[in-house]
Amino acid sequence: MAAYSPADPESVFTYGAPQLKFGTGAADEIGYDLSLTGAHRVLVVTDPGVAATGTPQRVADQMGRFGIEAQVFDEVHVEPTDESLERAVAWARDNGPWDAIVAVGGGSSIDTAKAVNLLTTNPGELMDYINKPVGGGRDPEQPLHPLVAVPTTTGTGSESTTICVLDVLSLKVKTGISSARLRPTMAVVDLSLTLSQPAGVTAASGMDILCHALESYTARGYTTFERKRPEQRVPYCGANPISDMWSEKAMSLLADSFRTAVRDGSDVEARGQMALAATFAGMGFGNAGVHIPHANAYPIAGRVKDFHPKDYPPDEAMVPHGMSVALTAPEAFRFTFDASPERHLRAASLLDPRATVTDDPAEFLPSVLTALMRDIGIPNGIGAVGFGEDDVDDLVEGTMKQQRLLATAPKDVTEHDVAGIFRRSLALW
Ligand SMILES: NC(=O)c1ccc[n+]([C@@H]2O[C@H](COP(=O)([O-])OP(=O)(O)OC[C@H]3O[C@@H](n4cnc5c(N)ncnc54)[C@H](O)[C@@H]3O)[C@@H](O)[C@H]2O)c1
Ligand SMILES: [Zn+2]
């Protein structure tokens, strides 16, 4: 294992978060909250599935009581692409101007709202702002509109983060836009909106929570980086005492609620714990960063073949984000074990307090993860979503492009290492 030994170690970490309103009924207060900003015209951004629950229109109608005219855009693409974001931005530009934006939905709706917010307040086009080397990596110069993010899944934590994830279709690559200005002004987490999530979405998005917590908890510590100048600071600064606290708590909440929420979506207590876990993990990883499972997830999702997951829109092949992250997680954590054995063991105990350490301690966390994945119906490895041995080189190439994420891994990761992780993830049990 390559230990990191910087010549001039970092001594500073950072923490950022939006204003937060949490609890049943919190979404009924958005009109009041936005009236305080002086907003008169508000755009509500959502996808067709969430629109069908009636929640986005209810949120829009409620703003009328505060003299705010709200319009719903319900054409978000589930797992946004450059084309879908451009369509949303064009619609918002044609129908604007807007004073504020409200995203109602999962990560897909929240990320689309972030892109719309950016490109209705700043000059240029989408590609200008996408992370290098795919896009221009331009920094937004103008302040954005207030953005209220209202998650209806228990997963991404996008309501707290500074990134917008998208698929660049022509390059078959998932990438993002990353800027502190993208962070929503306010996160409104109302568990009553999450009750209608189908079991398949609860399982996949819940694995996203779990991996956010686990990856930020095992990420390279912030002091193992070279010292940065103020203008070099990035939102992801490595594991630190504050992100550790959020991640640990998120894992304990998942231990109590994850299986129950998938089995019985009407269990309000489990749904509430999942919503808290998603928020906590978002606050953790949104500052520390994620690493190998997320880097692997991008090519798994971007190079999907013909997999149609249960409970997602049936018209397109996809590997949902949380599922694509989970599929290589057991092997990734077997690989990173020696970088911080105590953290891997503690995480396994938090995720399953009843489990006991196996003869080989490196197996403890992978075994807790695969037992959970089997129980909640996650496919058995990348083979089960259509990839074979012949695809490994292609997947490795996609992972190695995610250097921004691999930089947070707790040890150096070579192409050979990643190939081994993919190969051993063809079937997990
Ligand atoms: N910006 C970030 O920090 C960040 C972090 C992780 C993931 N992401 C991105 O977020 C996206 C995934 O988001 P997600 O997992 O939250 O799911 P999602 O937004 O893609 O939604 C998944 C499906 O669930 C449906 N759905 C959502 N809420 C529902 C509800 N309450 N009732 C009924 N149906 C509901 C949607 O209509 C959709 O069909 C991916 O594009 C991923 O890359 C972003
Ligand atoms: Zn994620």
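**Group meeting: the zinc site and what surrounds it**

Okay, let's start at the metal: the zinc ion (ligand 2) has Asp 208 (OD), His 212 (NE2), His 294 (NE2) and His 321 (NE2) as its protein donors, at 2.1 to 2.2 Å. Donors here are N, O and S atoms within 2.8 Å of the metal (3.2 Å for Na, K and Ca), and water is not among the atoms, so sites may look incomplete.

Quick housekeeping. This is a predicted model, where local features need pLDDT of at least 70 and side-chain atom pairs count only at pLDDT 80 or more, while totals for chains, interfaces and linings use all residues. Residues are numbered from 1 along each chain as its sequence is written, chains are lettered from A and ligands numbered from 1 in the order in which they are written, and side-chain values use heavy atoms, with hydrogens and water left out.

Back to the zinc ion (ligand 2). What is the spacing of its donors along the chain? They follow D-x3-H-x81-H-x26-H. The geometry is irregular, because the 4 donor atoms subtend angles of 84 to 166°. For the cut-offs, four donors count as tetrahedral if all angles lie between 85 and 135 degrees; four count as square planar and six as octahedral if opposite donors are over 155 degrees apart and all others between 65 and 115; anything else is irregular.

Helices (H or I, at least four residues) and strands (E, at least two) are DSSP runs, numbered from the N terminus. Asp 208 is buried at 2% relative accessible area, and His 212 is buried at 2% too. Buried means under 20% relative accessible area, exposed over 50%, partly exposed in between (1.4 Å probe, protein chains only).

The largest nonpolar core has 76 residues, and Met 207, Leu 210, Leu 214, Phe 258, Leu 351 and Ile 378 have the most contacts inside it. H7 gives this core its largest share, 10 residues. By nonpolar core I mean buried Ala, Val, Leu, Ile, Met, Phe, Trp, Tyr and Cys residues joined through side-chain atoms within 4.5 Å. Another core, of 29 residues, lies apart from that one, with Val 45 and Leu 85 among them.

Now H12 (329-336). Is it buried or exposed? Well, 7 of its 8 residues are buried, so H12 is largely enclosed by the rest of the structure. The cover over those buried residues includes H7, helix H10 (292-302) and H11. Thr 328 touches residues including Pro 293, Ile 382 and Phe 422, where contact means heavy atoms within 4.5 Å.

For contrast, look at Pro 230, in the loop between H7 and helix H8 (241-263). Pro 230 is exposed, with 68% relative accessible area.

Last stop, ligand 1. It has 32 residues around it, the closest being Asp 47, Gly 107, Ser 108, Thr 153 and Thr 161; the cut-off is a heavy atom within 4 Å. An oxygen atom of ligand 1 is 2.6 Å from a side-chain N or O atom of Asp 47, and for Ser 108 there is also an oxygen of ligand 1 at 2.6 Å from a side-chain N or O atom. Then there's a nitrogen atom of ligand 1 lying 3.5 Å from a polar backbone atom of Gln 197. Okay, over to you.

Methods
A polar contact is a pair of N or O atoms within 3.5 Å; within protein, one must be able to donate a hydrogen and the other to accept it, and residues adjacent in sequence count only if both atoms are side-chain atoms. Lists of a residue's contacts leave out its neighbours within four places in sequence.
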